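Please open the model in your viewer and keep the selection tool at hand.

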Amino acid sequence: MSDTRPEKDTELDGLDFIRRIVVEHKRSGRFAGKVCTRFPPEPNGYLHIGHAKAISVDFGIASEFEGICNLRFDDTNPSRENTEYVDAIKYDIRWLGYDWADREHYASDYFEKLYGYAVQLIRAGKAYVDSLNADEIREHRGTPTEAGRNSPYRDRTIEENLDLFSRMRAGEFDDGAHVLRAKIDMAHPNINMRDPTMYRIRRHHHHRTGDTWCIYPTYDWAHGQSDSIEAVTHSICTLEFENHRPLYDWFLDELGIHHPQQIEFARLNLTYTVMSKRKLLELVTGQYVESWDDPRMPTICGLRRRGYTPSSIRKFLTRIGVSKTESTIDLSLLEYCIREELNKTAPRVMVVLDPVKVVITNYPEDGTEYFEAVNNPEDASAGTRSVAFSREVYIERSDFMMDPPKKYFRLSPGTEVRLKHACYITCTDVITDDAGSITELHCTYDPESRGGGTPDNRKVRGTLHWVSAAHAVSAEVRVYDHLFSTVNPAQVNEEAGENWLENLNPDSLVRHEHAVCEASLNEASVDNRYQFLRHGYFIADAKDSTPGKPVFNRIVSLKDTWAKVQKKEGV
RNA sequence: UUCCCGGUGGUGUAAUGGUAGCACAACAGAUUCUGGAUCUGUUUGUGGGGGUUCAAGUCCUCCCCGGGAAGCCA
C-alpha cells in the first residue's frame, strides 16, 4: 500500500486552464456551482475571427457546464458606438451558431445603477471629483518607475464631492471640466490603481440612452460592475485586462457586491493577416479591400462571404485551444478545417478558369452525348449527374504544354490524357495565332474509352477537367489568396519608414472573368458550396452573383502537390 | 529602471512528480478516373544554470528571452 500514487483526476484530463478553474469552482461550491459567462463586445466595429475565439470560449464553457452565456454590449463610449454595429454583431454571433436567448444586455442598461454605486463610493470616501484637466492628470500619474502625485482636489469633503458629482450629472459643467476618480493610491506599482477615472463629462448622443446622460462611465468602472449585476461567475477576457483585474477586484470589494472571477486568455493571432480593429478599418477606408465583408478579410462577415461554414470555424476554434501563451496560429489550420468539411460535403463540378478550345477531330460534327459523373466520391448518397460532351470542349490553358518538363502528366503534343468521366484524347495539332499563342488544340479521341476507361485497361497519368463548348455557362471566378504576403504583416520597423500596408499581397485576388462552367452551375446559390475539380472549393458570391452570370469565390484551394513541385524546381 | 503575465518540435496544444503525446505543417512511400481524398512512415521539442527527489517539462532558486502596463479607449 505504501507505493500507491494518487489517482489520476480524469475529469481534468486534457482540459484547458479555464475549464479546469470552472471544474474546481463547481467542486468547491463557489458560486453555488453555477456557471454564467458573457460575451461583451463594444458595438464600434465588426466582429472578426479573434472575437469568434472569445465567443467560442464564453458560450462553449457555459453550455458545457450547464450554465448560461449573456450577450452584453459594452456601450460606455457614445462617440464610437452605434446600432448598425449592434445588429451586425448579433447577426454574426447567431450565424456562428450561438444563442443568448433573451439575455441581450447593455452596459447602458446599468447607467443608473452604476451612478448609485459611484455615490456609494463617494460616501465611503473612496471616490472624489477631480478638476484637473486630462493633461494634468496624466502628468500627476507618474510613470511605471516613478510614483504619481496626489491631485490638489483629492481631499475634497464627501459633501463637496457629492454636490459636484450630482451637478456633473445635471449638466452644469463643460465637457472635461471635472471627472470622478477612485481614491486608491497614487504610488501604486500598478498604474491602473493610481486613482483611475470613473466618469467623464461628454455631451454626446448615445445610441440607446439618447441625451439623458452627459456623464458616461469609463469601461474600467462599468465593466466589472456590469458583470456583477448580471451575476456572471466567470468573466473571461483577453490578456490585456490582466493588469486591470486588481482594480476590478477593488471596486467589487469596496462595493461589497457579487464578485465574479476574472480569467484572462491569449487572443488569437493568425499568420498572413492583421487582427486589430484599427488596421482592419484602415484596410476598408483606404480601399485596400472592397469592404468589411471582403472575402479576404478575417472578419466574420468576410469569412462568411468567402464561403467558410460556421461549423468549420467552430472546429478550428476548438482545435486551437485556449491558453495564456501568446501565439500565432498557422492559417493553414483554418484552411485544413474547411477543406476537411467540404471534402465530405461539397458536390464536385467541372469549371475551366482559363479556357483553351480543344477540337476533337474524329468526333461527329454535331454529336452530343452525356456521360454520367459522380457528384462526390466521398459520399455515395450524393448520386450522379449527366454531363454534356461534344466535339469542342474547353480545357485549362495550364493543362497543355508545348514542351513539357519531366513529370508533367497533362496534355502535350502526341500525349494522351483522360477527360474526366468522358474519354481519352491525344493531341495531334496545335493551332497558334500570328503572335504564337495557342488558339486551339486538335485532338483525336479513342471511341473505346468510354466513361474514363478503356477495354485494354491502359494507364494514363493525366486526367483533365473540361466543359463542353456548346453547353458552357460563362462565369466569373475570383481566386483569393492571403491578403498579405508576409507571415506577420503588422510587424514592421516604423522607425525605418516601413509601413505594414506594404506587406499587402498584390495577388490576393485574381479574377477569371471568362471562366466556363457546367450548365448545372447556372443557378448556383450562396447556400451551395462546390468543389471545382482540381481547383478547390467555391461558393457563389453573395453580393455579385446573378442567375444569368454567376460569380464564384474561391474558399480555399485543393492541396496542390504539382504546384509545390513546380515551385521547388523554379527556385 | 517598476509592476503583471508568459516560455514544450516549424506552428499550436496535452502530459495532475512516473514512457514527452496529439493536430496542423514539412518530407518520403503506397494507392487513385481530381497531381484531390485516403493509408503508411519519417524528421524536429521541455530557454539556461544550480537545487530537492529513487524519479522534474512539472517543485524551489537564480538568470535569460518575449509580451503587456503611464486613455477622460475598450
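A charge is said to sit over a ring if NZ of Lys or CZ of Arg is within 6 Å of the ring centre and within 35 degrees of the ring normal. Select Lys279 and Trp500, where the charged end of the lysine sits over the ring, 5.6 Å from its centre. This is a predicted model, in which local features need pLDDT of at least 70 and side-chain atom pairs count only at pLDDT 80 or more, while totals for chains, interfaces and linings use all residues. Residues are numbered from 1 along each chain as its sequence is written, chains are lettered from A and ligands numbered from 1 in the order written, and side-chain values use heavy atoms, without hydrogens and water.

Next, select Arg169 and Tyr115: the charged end of Arg169 sits over the tyrosine ring, 4.5 Å from its centre. Tyr115 also belongs to one aromatic cluster with Phe111, Phe165, Tyr199, Trp213 and Tyr216.

Rings of Phe, Tyr and Trp (its six-membered ring) pair if their centres lie within 6.5 Å, and planes under 30 degrees apart count as stacked, over 60 as edge-to-face and the rest as tilted. The whole structure holds 21 aromatic pairs. Among them, Phe59 and Tyr98 are tilted, at 5.4 Å centre to centre and 35 degrees between the planes.

Finally, show strands E13 (residues 368-374) and E14, which run antiparallel and are joined by 7 bridges; strands (E, at least two residues) are DSSP runs, numbered from the N terminus, and two of them pair if DSSP finds at least two bridges between them. Val374 stands opposite Thr384 in E14.

Notes. Helices (H or I, at least four residues) and strands (E, at least two) are DSSP runs, numbered from the N terminus.
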